[in-house]
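Biologist: Could you take me through one part of this model up close? I'd like to know how its pieces sit against each other.

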Amino acid sequence: MSIETAANLLFPPKCAACGKIISPVSKELALCEKCLICWKNEKQLQIKEIHSGTERAFQVMTVCRYDADDNYGGIGKTVLLKLKCKPLKYAARFIASEMYTALEWLPISADTVITGVPRSRRGIRENGFDQVELIACFLSELTGLEYVPCLVHRGNIRQKELDYKHRFENAAGAYMMKEKNKRIFCGLEYGTSKNIQESNSASAGAVRVSTSIKNRRKYVSDIFGRDVLLIDDVSTTGATFEACSQALLSGGASRVFCMSFAGTAEL
Ligand SMILES: [Zn+2]
């Protein structure tokens with residue numbers, strides 16, 4: 001028996017939406033047949049223009065709709081809600097692979113880096129993980145693009161607690177570039193000069209994220225002069241994307257492409 005077969009027996013792949021065990025053959029699909037049919041009807045790639053009242057309008061690419069008030073919500077919402085509560089790799093992998101299919105619409109080059117909209121420290125503390133970071137890791141694996149977790153969230157107020165106008169005010173200044181030479185591990189910063197040296201030799205030349213998310217240790221590297229693919233799980237007003245884009249551009253990024261898995265109707 002191969003290791004993979006044994007692993008499938010011990011941890012059979014599950015449908016990312018309903019949790020039903022699916023056959024290992026359809027593992028790549030990540031959904032059971034029933035959910036896959038629903039998803040095919042639901043998936044809708046869209047590019048939304050954001051006008052925040054500042055000088056720059058920008059675009060956000062979304063893969064599906066997200067209706068906060070809809071009790072059913074569809075496959076996309078179901079998977080997102082699951083991933084918000086638990087760091088389910090199969091859910092993160094599904095979202096990343098669906099975002100991957102939308103990348104052909106963006107002018108991504110091999111030098112483009114991926115970064116995620118960071119959770120607040122409060123969010124990470126309460127949840128114990130950052131779901132966008134998980135998605136970014138899988139997207140990095142799929143694309144071969146470097147994942148650079150270079151943003152940090154310094155705010156204390158959650159966007160969802162605010163109305164449209166105040167979201168832009170709250171987001172502006174809440175996101176900034178992380179200081180260099182700090183390692184990150186599952187969203188938490190730490191680092192001493194000794195750690196940095198060890199990490200440096202271990203990750204020399206590594207541009208891909210390790211398949212083991214638990215063991216992933218990376219430097220915050222320079223994004224200067226490079227395009228950045230900025231990702232989030234759900235986008236509403238675009239205020240967060242705008243604030244993060246401003247931080248990245250002022251940090252030297254050449255261009256920023258924004259993509260969220262789901263976009264709400266208010267977007
Ligand atoms: Zn299913």
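Predicted model: local features only at pLDDT ≥ 70, side-chain atom pairs only at ≥ 80, totals over all residues.

Modeller: Now look at helix α2 (residues 33-42) and helix α3 (residues 74-85), which pack at an angle of about 110°, their axes 7 Å apart. That angle is why α2 and α3 are roughly perpendicular to each other. On the α2 side, the contact is made by Cys 35, Cys 38, Trp 39 and Glu 42, while α3 brings Gly 74, Ile 75 and Gly 76. Sort the residues in this contact of α2 with α3 by class and you get four nonpolar, two polar and one charged.

Helix α4 itself spans residues 89-102, so that's 14 residues, and it reaches 20 Å from its first C-alpha to its last, close to the 20 Å expected at 1.5 Å a residue. The buried residues in α4 include Tyr 90, Arg 93, Phe 94 and Glu 98.

Strand β10 is worth a stop too, as it holds Cys 258. Cys 258 has 26 C-beta neighbours inside 10 Å, so it counts as buried. Setting aside neighbours within four places in sequence, Cys 258 is in contact with Phe 58, Gln 59, Val 60, Met 61, Leu 230, Phe 241 and Ser 245. Thr 115 is 143 residues away from Cys 258 along the chain, yet their C-alpha atoms are separated by 9.9 Å.

Notes
Residues numbered from 1 in each chain as written. Axes fitted to C-alpha atoms, helices over the stretch in contact; angles between N-to-C directions. Helix = DSSP H or I, 4+ residues; strand = E, 2+ residues; numbered from the N terminus. Parallel < 35°, antiparallel > 145°, perpendicular 65-115°, else oblique. Contact = placed C-beta atoms within 7 Å. Nonpolar A, V, L, I, M, F, W, Y, C, P; charged D, E, K, R; others polar. Buried ≥ 20, exposed ≤ 12 C-beta atoms within 10 Å, placed from the backbone.
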